[in-house]
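Hi everyone, thanks for making time.

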Amino acid sequence: MNIQWYPGHMTKAKRAMKEDIKLIDLIIELVDARVPCSSRNPDIDELGRNKARLILLNKADLASEKGNDSWVSYFGRQGIPAVKVDSRSRAGLKQIQEAVAEACREKTERDRKRGILNRPVRAMVVGIPNVGKSTFINSYAGKASARTGNKPGVTKGNQWIRLNKTLELLDTPGILWPRFESTEVGLHLAFIGSINDEILDREELAAELILLLSRQCPEALPKRYGEEVAGGSHMSQAVDALEGIARARGCVVKGNEYDLKKAANLLLDDYRSGRLGRITLEFPQEERKKEP
Ligand code: G4P
């Protein structure tokens with residue numbers, strides 16, 4: 001399956017983000033905990049050079065605990081503190097303040113040596129579309145937080161949300177473009193619903209998801225749709241499983257044919273909403289190497 005999606009306004013967005021990044025000390029990068037690698041754009045490493053960094057594994061409620069923990073350790077080993085959060089239920093938000101302090105320790109130390117004390121850290125939230133940036137800002141900033149007015153040097157329209165004495169957040173998130181450096185990355189983004197999948201063949205996409213689920217979490221399909229929906233490692237087995245889902249859920253069109261498109265939509269919806277369970281689709285590279 002060939003997935004291509006390249007928003008035309010990318011260059012403009014990149015230029016705007018470069019300007020905004022000049023104003024801040026800390027980049028808070030949101031990734032989707034189910035696909036933390038595919039949902040990142042590595043350009044952020046270049047854009048955010050010399051800035052403190054924090055990664056939030058958002059939608060941690062939809063990913064496995066084991067997966068979440070292995071990504072927190074992985075990013076920690078890269079020198080970037082990471083925190084698991086569920087912005088919808090607000091779980092994990094309390095851990096952020098400490099992680100911000102850890103991420104900004106060097107900067108705070110530098111400030112202290114120059115005699116600058118208690119200057120709040122200025123942060124910006126960035127991430128690809130649909131990763132939960134607005135939900136996070138609303139949950140974390142809450143209704144009570146005061147919006148400080150425009151200040152000189154701040155791009156027109158940008159406002160700072162003062163969260164507490166130590167942290168100010170730019171109220172508009174930076175939108176990163178998804179990357180499509182491989183079919184695998186494109187598929188992972190399509191599975192979580194980050195790509196407008198009207199342009200994709202849903203049956204093919206669902207069959208690819210079945211192949212991946214059979215590898216990463218073989219019990220998920222039989223548990224939800226019945227023992228006969230097992231999946232497997234071949235495309236023909238994936239198509240059989242899709243038919244099995246159609247059978248189990250009564251997706252038939254006239255003439256008693258299976259409605260595979262309906263079954264495909266049902267499966268994708270079930271995965272995206274967590275009804276198949278908490279399933280991480282990718283693990284850090286070094287752990288993949290450990291797999292048989
Ligand atoms: P964006 O600004 O990065 O584009 O993302 P946005 O906040 O709009 O969130 C995209 C979708 O992801 C929303 O669902 C939102 O509720 C959901 N979401 C955000 N954070 C989390 C999380 O931590 N866990 C879970 N399970 N979902 C999360 P939606 O269906 O598009 O909207 P709605 O029906 O929830 O309003």
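One term before we start: a residue is called buried when its relative accessible area is under 20%. Keep in mind, too, that this is a predicted model.

Okay, take Ser 194. Is it buried or exposed? Its relative accessible area is 12%, so Ser 194 counts as buried. You'll find Ser 194 in the loop that runs between α7, residues 183-191, and α8, residues 202-216. And what does its side chain reach? That would be the backbone oxygen of Pro 129, at 3.3 Å. If we skip neighbours within four places in sequence, Ser 194 has contacts with Ile 128, Pro 129, Asn 130 and Leu 189.

Leu 189 takes us to α7 itself. How many of the nine residues of α7 are buried? Seven of them are, which leaves the helix mostly covered. The buried set is Val 185, Gly 186, Leu 187, His 188, Leu 189, Ala 190 and Phe 191. As for what does the covering, α8 and α11, residues 260-272, are included. Then, just after α7, there's Gly 193, with a positive phi of about 90°.

Now over to the ligand. There are 15 residues around it, and the ones that come nearest are Asp 61, Ser 87, Lys 133, Ser 134 and Thr 135. Sorted by class, that shell holds four nonpolar, six polar and five charged residues. Which element gives the largest share of the shell? Helix α6, residues 133-141, with three residues.

A polar backbone atom of Ser 87 sits 2.8 Å from a ligand oxygen. From Arg 88, a polar side-chain atom is 2.9 Å from a ligand oxygen. With Val 131 we're back to the backbone: an N or O atom there is 3.3 Å from an oxygen of the ligand. On its own, the ligand has 710 Å² of accessible area, and the protein covers 63% of that.

Last stop, the cysteines. A disulfide is a covalent bond between the sulfur atoms of two cysteines. How many disulfides are counted here, taking sulfur pairs within 2.5 Å? The count is zero. Cys 251 has a relative accessible area of 1%, so it's buried. Cys 37, at 33% relative accessibility, is partly exposed.

Note on methods
Residues are numbered from 1 along each chain as its sequence is written. This is a predicted model: local features need pLDDT of at least 70, side-chain atom pairs count only at pLDDT 80 or more; totals for chains, interfaces and linings use all residues. Side-chain values use heavy atoms; hydrogens and water are left out. A residue is near a molecule or strand if one of its heavy atoms lies within 4 Å of it. A polar contact is a pair of N or O atoms within 3.5 Å; within protein, one must be able to donate a hydrogen and the other to accept it, and residues adjacent in sequence count only if both atoms are side-chain atoms. Accessible areas come from the Shrake-Rupley method with a 1.4 Å probe; for residues, only the protein chains shown count as cover. Helices (H or I, at least four residues) and strands (E, at least two) are DSSP runs, numbered from the N terminus. Ala, Val, Leu, Ile, Met, Phe, Trp, Tyr, Cys and Pro count as nonpolar, Asp, Glu, Lys and Arg as charged, and the others, Gly among them, as polar. A disulfide is a pair of cysteine sulfur atoms within 2.5 Å. Buried means under 20% relative accessible area, exposed over 50%, partly exposed in between (1.4 Å probe, protein chains only). Contact means heavy atoms within 4.5 Å.
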